[in-house]
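Biologist: I am new to this structure and would like to learn how to read it. Could we go through it feature by feature?

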Amino acid sequence: MIVKTKKYQLPTGTYIKMGLATVLKEQWWVILIALAICCGYFWIASIWWIIGALIAYGLYVLFWAIQFTGVTQMEQNKVIFEKLAYEIDSRQILMKINTKQGMPVQWNMIKRAELKKDAFVLYMSKAQFIHLPFRIFNSDNDRKFLETILKRKELMK
C-alpha cells in the first residue's frame, strides 16, 4: 500500500520553532551550565554572575535561532520549503515536487519519529526533519498506515 498525500509547504516559521525546540530539548544540560555560573554568586556576591549567565544562555539560544533561520535562506535548502506531495510506503518516503521530480528518503535515514497532536515529525538530524500534518492525509486509514509503519520500523514508541 502507498499513502499519497496532498501538497504541503512547510512554513519557515514552523521550521525555525520546531528546530529550536528540538535542539533545546536535546541539549537541556546547557541550562545546568548557566545555573552553575549563577552559583558563582555564592562564592563572590555579585549580580554579574547572574547577568553573565543569562547573557551567555541568551547568546546560545540566539546562535541556534540564527542557524535555523540561515537554513531557510540557503539556496540548496529551498526545495524543503516548496509545496511537496509525499508518497509513503514501507520502503521509502518519496518527496515529490511534481509528477516528474522527486527525492526518495529511505527509512534508514530517519533517526526517530514523534506523534504530535496534529502531525507526524520524522527526524533525520537536528536540523533536518519531515513535518507531516494530519490535514495532508486523504483519510484516517492513511494516517494509521503511516503510524503502523513507524512502529514496525521502531522509529516511534
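Biologist: How many residues lie between E5 and E6 in their hairpin?

Modeller: This is a predicted model. E5 and E6 form a hairpin with three residues between them. The two strands pair in the antiparallel sense over four bridges. Within this pairing, Arg112 stands opposite Tyr123 in E6.

Biologist: What order do the strands of the open sheet have?

Modeller: The order is E5-E6-E7, three strands with antiparallel pairing. E5 and E7 stand at the edges with a single partner strand each, so one side of each has no neighbour in the sheet. On average, neighbouring strands here are turned by 15° against each other, direction ignored.

Biologist: Over how many bridges do E6 and E7 pair?

Modeller: They pair over five bridges, in the antiparallel sense.

Biologist: How far does H1 reach from its first C-alpha to its last?

Modeller: To read a helix span, compare it with the expected value. H1 covers residues 12-26, 15 residues in all, and reaches 21 Å, close to the 21 Å expected at 1.5 Å a residue.

Biologist: Which residues of H1 are buried, and what covers them?

Modeller: The buried residues are Tyr15, Ile16, Met18, Gly19, Leu20, Thr22 and Val23. Their cover includes helix H4 (48-73) and the strands E5 (112-115), E6 (119-123) and E7 (129-133).

Biologist: Where is Thr72 found, and which residues is Thr72 in contact with beyond its neighbours within four places in sequence?

Modeller: Thr72 is found in helix H4. Leaving those neighbours aside, Thr72 is in contact with Thr12, Tyr15, Ile16, Lys78 and Phe81. Tyr15 and Ile16 are also among the buried residues of H1. Thr72 has 4% relative accessibility and counts as buried, because the cut-off is under 20%.

Biologist: Which residues touch the most other members of the largest nonpolar core?

Modeller: The general idea comes before the case. In soluble globular proteins, nonpolar side chains tend to be buried together. Here the largest nonpolar core has 41 residues, of which Ile88, Trp107, Ile130 and Leu132 touch the most other members. The elements giving two or more residues to this core are H1, H4, strand E2 (85-88), strand E3 (92-96), E6, E7 and H5.

Biologist: What does Trp107 touch, not counting residues up to four places away in sequence?

Modeller: Among the residues on that list are Ile88, Ile93, Leu122, Leu146, Ile149, Leu150 and Leu155. The list also includes Asp89, Ser90, Arg91, Gln92 and Lys153.

Biologist: How many disulfides does the count come to?

Modeller: The count comes to zero. To read this, look at the distance between cysteine sulfur atoms; a disulfide needs them within 2.5 Å.

Biologist: Is Cys39 buried, partly exposed or exposed?

Modeller: Cys39 is partly exposed, with a relative accessible area of 43%. Cys38, in contrast, counts as buried at 18% relative accessibility.

Notes:
Residues numbered from 1 in each chain as written. Predicted model: local features only at pLDDT ≥ 70, side-chain atom pairs only at ≥ 80, totals over all residues. Heavy atoms only, no water. Expected span 1.5 Å × (residues − 1). Buried < 20%, exposed > 50% of the residue type's maximum accessible area, 1.4 Å probe, protein only. Contact = heavy atoms within 4.5 Å. Pairing = 2+ DSSP bridges. Axes fitted to C-alpha atoms, helices over the stretch in contact; angles between N-to-C directions. Core = buried A, V, L, I, M, F, W, Y, C linked by side-chain atoms within 4.5 Å.
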